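Let's take a walk through this structure together. Have the sequence and the 3D view open as you read.

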Amino acid sequence: MDVRVEGLVKRYGRVTALDGVSLAFPAAGLTAILGPSGCGKTTLLRSLAGFMPLDGGRILFGVEDVTALPPQARNTAMVFQQYALWPHMTVFDNIAYGLRLRKLSGAEVRARVEKALDLVEIGRIAGVTQRRPGELSGGQQQRVALARALVVEPRVLLMDEPLSNLDAKVRQRLRAEVRRLQKAVGITTVYVTHDQEEALAIADTVVLMDGGRVVQTGTPQDVYFRPENAFAAEFLGVSNQLSGTADADGLSVGTQHVSYSGPLRGPVTIVFKATDAILADSGVAADGRHAVLRGMLEERLFLGSAYRHYVRVEGESLMIDGAEPVDHGPVTVRVPMARLQIYASP
Amino acid sequence: MDAGLRAGSAFLALPSPGRTVARATLRMTGVMVAIFVIFAPLSSLVIWSFTRTWHWPHPFPQAMGFFYWRKVLEGDLFRALQSGFLIAVIVTVLTLLLTVPLAYLLARYPVPFKAAILLVFLLPHAFPQLPVFVNATTLLYRAHLAASLSGVVLIHMVGALVYAVWTMTAVFRSIPESLEEAAWNLGASRLKTFFTVALPLATPGLVASTLLVFLYSFDEFTGTLLVGSPFVLTLPVYMYRTSVGYELQVASIAALLLMLPGIALLVVLERYLKSEYLSMFGRI
């Protein structure tokens, strides 16, 4: 089922949470809505669910305009960040709730609940159906919440940062599970998260939002490797930003010079990722394909998978990740020209 | 000050076992004083209930026995107990029927002047009881409700509503909205969600409200005396009448019986009224 939103507007007093958002969510695909806190992603999700009356715009499920429908009538299913499992009901009753509302027979309900438990891979745990949510771990609770949502076979699956309450290891594992499940069931899914690694990992389409507006949409690779503006470039990955001035014979970054053959002129923002740069000792010369900047290595942290170096270049502190540690002192930062994202400064 | 400091440092300078014994003795003394302060007044009631005759200036009763217990249990007390119990039950049921939906509305919907509405319920308790109830009695007389069960029920509800409204509003507010949203999301109407999600989760609060309202009504005196006399008899009124008639033995027995629901309430409340609900009190 194709989902489309056109011109959504939502205001809270003087704050505009959604400022004319128009998006298409492809059928059977997982669309991740990514953005910093307050960008409107949760507002968008909740308006899809019907919890939020809008000030303008329409929501279309397929060809049906559902904007005026209450949440009960939309046939969506939401997985909440805090799981929202009912503590006074057993796991079975939690999952069966939606089915019982649809007046299915007892045997049918039981069959579907068990199928759902197997789908989220907790059907094997002895006595799980009779347990209360409070007796389960966080990961198990989230699986039950997922089962509860999928068992009613909704048109759209809405997920509101479902993994952010879990610790890192569980999150990593469940991420892949969610993607596998979504592909197996083939349901149109809208997944809200502020964790860009998560969004890139599981989404078919990434929608980047900021300040109630859509900044960029595309595949994860599009958004990561070809960000359309400074915000997108800065948000994805561990990014560095430098201010410079572009003119006919190149870029000047403070007192340093970088070759540049692009069309921009005037003040620009230069963005590149921590993993794209290479640190070398001072004294390495520039060549046409690399930008070379001189700086001072001030700090080095060990992250396990890499060393993160904090290098001061023209007053800015840059983060450069590398497998080998580099000693403190004057260093050279080399970035392939192809990996430098340059945008006009507003 | 100097002597105190010297005594204190002498105490602290005691060798360890000596200090432990001293501390234990102090604690025991403190506990005994507390017990005496709390229970000594009650002991007088207990003694009076088992007294047959006791004239001043004797420090203890001349004759003791179960005479008055027997007399009371065969007398009017049961009528008062039954009547009071019936009134308390009616008051509780009516109060909850009115306040539970109101509390849900106040907790979940943007009602204007919410704080003012909640405070209005508190008003009957803000003023001295006698003027409030005397005026209420006059009004009830004009409405031909005085000296009737309905009048007493009404006057009880005036004071009881606040306990239920405030408790239930706080309890409903403490239930996360996402739990109800999840039910709507799966297709449950707001009414169905109220009965399957909100109300079951609010049960401990319901229990607490029931007990608070019941006890308030069962123990209510001034209003019942003014509005209910002479036909409506509850246990506190009975106790008053018998004590005024110098039948202190009967009054003591009635008082002891009246304490039982209160103790039961405290025990149950301690179990049910969790701190999460109380943290919402006053957060209007």
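What follows moves from the overall layout to the contact between the chains, and then to some charged pairs.

Please keep in mind that this is a predicted model.

Now turn to the place where the two chains meet. Here 21 residues of chain A are in contact with 18 residues of chain B. Together, chain B and chain A bury about 1,600 Å², and carbon and sulfur atoms account for 64% of that area. On the chain B side, the residues that lose the most area to chain A are B:E181, B:N185 and B:L186, which together make up 43% of what that side buries. There are also eight residue pairs in polar contact between chain B and chain A, counting pairs with both residues at pLDDT 80 or more. Two helices of chain B, α8 (177-185) and α9 (190-201), each supply at least two residues of the side that touches chain A. By type, the residues on that side of chain B are nine nonpolar, six polar and three charged.

B:E180, in helix α8 of chain B, has a relative accessible area of 1%, so B:E180 counts as buried. The side chain of B:E180 makes a polar contact of 2.2 Å with that of B:Y104. Leaving aside residues up to four places away in sequence, B:E180 touches B:Y104, B:R108, B:T193, B:V197 and B:A198.

The other glutamate, B:E181, brings us to charge pairing. Side chains of opposite charge can pair when their charged atoms come close. Across the interface of chain B and chain A, the rule finds one salt bridge. That salt bridge joins B:E181 and A:R46, with 2.7 Å from N to O. The pair runs from helix α8 of chain B to helix α1 of chain A, and both B:E181 and A:R46 are buried.

Over all chains, the count comes to 24 salt bridges. One of them pairs A:D327 with A:R300, whose closest N and O atoms are 3.9 Å apart. A:D327 lies in the loop between β18 (316-322) and β19 (329-336) of chain A and A:R300 in strand β16 (residues 290-302), so the pair ties together parts 27 residues apart in sequence. Is A:D327 buried or exposed? With a relative accessible area of 60%, A:D327 is exposed, whereas A:R300, at 29%, is partly exposed.

Another salt bridge joins A:D321 and A:R308 at 2.8 Å, N to O. This pair links strand β18 of chain A, which holds A:D321, with strand β17 (residues 307-313) of chain A, which holds A:R308. A:D321 is buried at 15% relative accessible area, and A:R308 is buried at 16%. Finally, look for the network of salt bridges that links A:R171, A:R175, A:D195, A:E197 and A:E198.

Key: Residues are numbered from 1 along each chain as its sequence is written. Chains are lettered from A and ligands numbered from 1 in the order in which they are written. This is a predicted model: local features need pLDDT of at least 70, side-chain atom pairs count only at pLDDT 80 or more; totals for chains, interfaces and linings use all residues. Side-chain values use heavy atoms; hydrogens and water are left out. Contact means heavy atoms within 4.5 Å. Buried area is the accessible area (1.4 Å probe) that two parts lose on being put together, summed over both. A salt bridge is a side-chain nitrogen of Lys or Arg within 4 Å of a carboxyl oxygen of Asp or Glu. A polar contact is a pair of N or O atoms within 3.5 Å; within protein, one must be able to donate a hydrogen and the other to accept it, and residues adjacent in sequence count only if both atoms are side-chain atoms. Helices (H or I, at least four residues) and strands (E, at least two) are DSSP runs, numbered from the N terminus. Ala, Val, Leu, Ile, Met, Phe, Trp, Tyr, Cys and Pro count as nonpolar, Asp, Glu, Lys and Arg as charged, and the others, Gly among them, as polar. Buried means under 20% relative accessible area, exposed over 50%, partly exposed in between (1.4 Å probe, protein chains only).
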